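Thank you all for coming; I would like to take a few minutes to walk through one chain, beginning with the whole and then turning to two local features.

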Amino acid sequence: MVDGVVVSNPDARLRPGAQLLYHRLPWKEPNAPHLLEVLFEDEHLIALNKPSGLQVLPGGLFQQRTVLTQLQWRERKLSSSSAPGEQNPVPVHRLGRGTSGILLCAKIKLAKSCLAAYFADGTSIVQEKKFSNPEVTRTRKIVKIYRALAKGVISEDEVVIEQPIGVIRYPGVAKGLYVASPSGKPALSNVRVLERQVENNWTLVEVEIQSGRPHQIRIHLSSIGHPLIGDPLYIDGGQPRCFDPDLFDENFAQDGGYQRPENPVPGDCGYNLHAHKVVLPHPNTQELITITAPLPSILKASPER
């Protein structure tokens, strides 16, 4: 409505000072897990065991059903029963929506700055090793170890993957899709085989990432011909399953919302990837702490099942 009158002509012009009123349909989000298990917490830091299917930050189809929103609700509930403070918990890194496991969140600004520096430092070390000094021996301050279920049987016991990761235009992903790319930014993953199932054609692996590129483990394992079992997006070579660069559909709903893209997108679930262990200096005391998230049964080696 413009100045109280319904306007059906999409090319109608607005005059200065006109009042525009828009009634948008209610936002409907897909179902998502809502329970946040706390693995570690003090006045500086909170570590969550994020379930698969829960998005970290608002975006796309998910605006309210996110880790950030639940953290805010949790903080409001806690602060209503105690003296108000300066805590405003926020995630300091991301996990893919389909990835489960440890998510670190800062509760105060100082901890946020410190943890962000830890992650940035690890990526810069890989950059230095690639472009400056191949013999650099600095180690990253934060160690992140994942479990994953990869397709096929990996013959080597240990594999070092140094495939660069870049961005391409991709429908339904506003900022572009991360893929294996020779012209991308350096990335490093250390893969260790835990169990091979020849008859089922899969390999259980432990992956320590030395850099923190988006979807790094999914891209790296698929780049060597072993994509994660059930991954709807990445296939051999670290490339998307369905992609035609000449076809782009922005997928905006007619009510102003966001429709589900036709092609697979990074937030789609179905694969098994779990952030299992994190070791880091405490952002305040610098004491080394180890945080472990319980493994899903499918990611346990046979003796652990």
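The model is predicted, so local features need pLDDT of at least 70 and side-chain atom pairs count only at pLDDT 80 or more, while totals for chains, interfaces and linings use all residues. Residues are numbered from 1 along each chain as its sequence is written, and side-chain values use heavy atoms, with hydrogens and water left out.

The chain has 3 helices and 14 strands, taken as DSSP runs (helices H or I, at least four residues; strands E, at least two) and numbered from the N terminus. Of its 305 residues, 45% count as buried, where buried means under 20% relative accessible area, exposed over 50%, and partly exposed in between, with a 1.4 Å probe and protein chains only. Of the contacts (heavy atoms within 4.5 Å) with a separation of 6 or more, 62% are between residues 24 or more positions apart.

Let me turn to helix α3. Because 7 of the 8 residues of α3, residues 216–223, are buried, this helix is largely enclosed by the rest of the structure; among the buried ones are Gln-216, Arg-218 and His-220. After α3 comes Gly-225, with a positive phi near 90°.

And what kind of category does Leu-21 fall into, buried, partly exposed or exposed? Leu-21, in the segment before β1 (37–41), counts as partly exposed because its relative accessibility is 43%.
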